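Subject: Structure handover

Hello,

Here is the structure for your files.

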Amino acid sequence: TRITELFGVEHPIMQGGMHYVGFAELAAAVSNAGGVGIITGLTQRTPELLAKEIARCKEMTDKPFGVNLTFLPSVTPPDYPGYVKAIIDGGVKIVETAGNNPQKWLPSLKEAGIRVIHKCTSVRHALKAEAIGCDAVSVDGFECGGHPGEDDVPNFILLPRAAEELKIPFLAPGGMADGRSLVAALALGADGMNMGTRFIATKEAPVHENVKKAIVAAS
């Protein structure tokens, strides 16, 4: 799909950037399997720690992987310039941005040859991301958890609308779990899927075994 071509991967599946789950082990495993593994940037408390995590991931895979960077309003914001520098210096070529508008960071990321995919919850935000120069978007339906700004529009409605409006490739996140999810996402007009929770139930996810078993056993 356009996503596999954009990111240089085999399968149009991106691993969701999950706090305290997206470490080098999981990102490398997903990338080695042909998808886009993602290190969660802010799980690393400092840019220096992120730089080390990127280096660790590079030791485990020679395939493309990305870093999720979530821009959230806060009284004492993280050292975003430092995180961006760590990503660029680390040679990462894929960045997933989320939260606030990533426009101020795009010039430096683009200059480094980085592909930027932005997480959106509505068609209007996706069109804005396209307009400011994002390479792709992740259009999050109501089913998708773990981020702010839901518009309560489910994927069955949101994805076809996004396909009608967008020119850039986009991923479908939210309730994605298997091959049926991927086929459905493609049928609704997306170029692939962004899968989060399902990747918690893997050996490489640093989550308690009981949680993994509960996910697998869920009805």
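This is a predicted model: local features need pLDDT of at least 70, side-chain atom pairs count only at pLDDT 80 or more; totals for chains, interfaces and linings use all residues.

Residues are numbered from 1 along each chain as its sequence is written, and side-chain values use heavy atoms, with hydrogens and water left out.

Helix α6 spans residues 123-132, and its buried residues are V123, A126, A129, E130 and I132. Buried means under 20% relative accessible area, with a 1.4 Å probe and protein chains only. Helices (H or I, at least four residues) and strands (E, at least two) are DSSP runs numbered from the N terminus. The buried residues of α6 pack against α5 (106-111), β5 (115-120), β6 (136-139) and α7 (155-165). G133, just after the helix, has a positive phi of about 110°.

S122 sits in the loop between β5 and α6. This residue is buried, at a relative accessible area of 5%. Leaving aside residues up to four places away in sequence, S122 touches D151 and L158; contact means heavy atoms within 4.5 Å. S122 and D151 are 29 residues apart along the chain, and their C-alpha atoms are separated by 6.8 Å.

In β6, A136 and S138 point one way, V137 and V139 point the other way, and all are buried. β6 pairs with β5 in the parallel sense over four bridges; two strands pair if DSSP finds at least two bridges between them.

Now the pocket. The second largest pocket has a volume of about 150 Å³. A pocket is an open set of points on a 1 Å grid over the protein atoms alone, where a 1.4 Å probe fits, with protein on both sides within 12 Å along at least five of seven lines; lining residues have an atom within 4 Å of a point. Volume is the space filled by probe spheres set on the points, which are joined across faces, edges and corners. Helix α2 (residues 24-32) gives the largest share of the lining, three residues. Among the lining residues are H11, I13, M195, F199 and E204.

Regards

Conventions: Buried means under 20% relative accessible area, exposed over 50%, partly exposed in between (1.4 Å probe, protein chains only).
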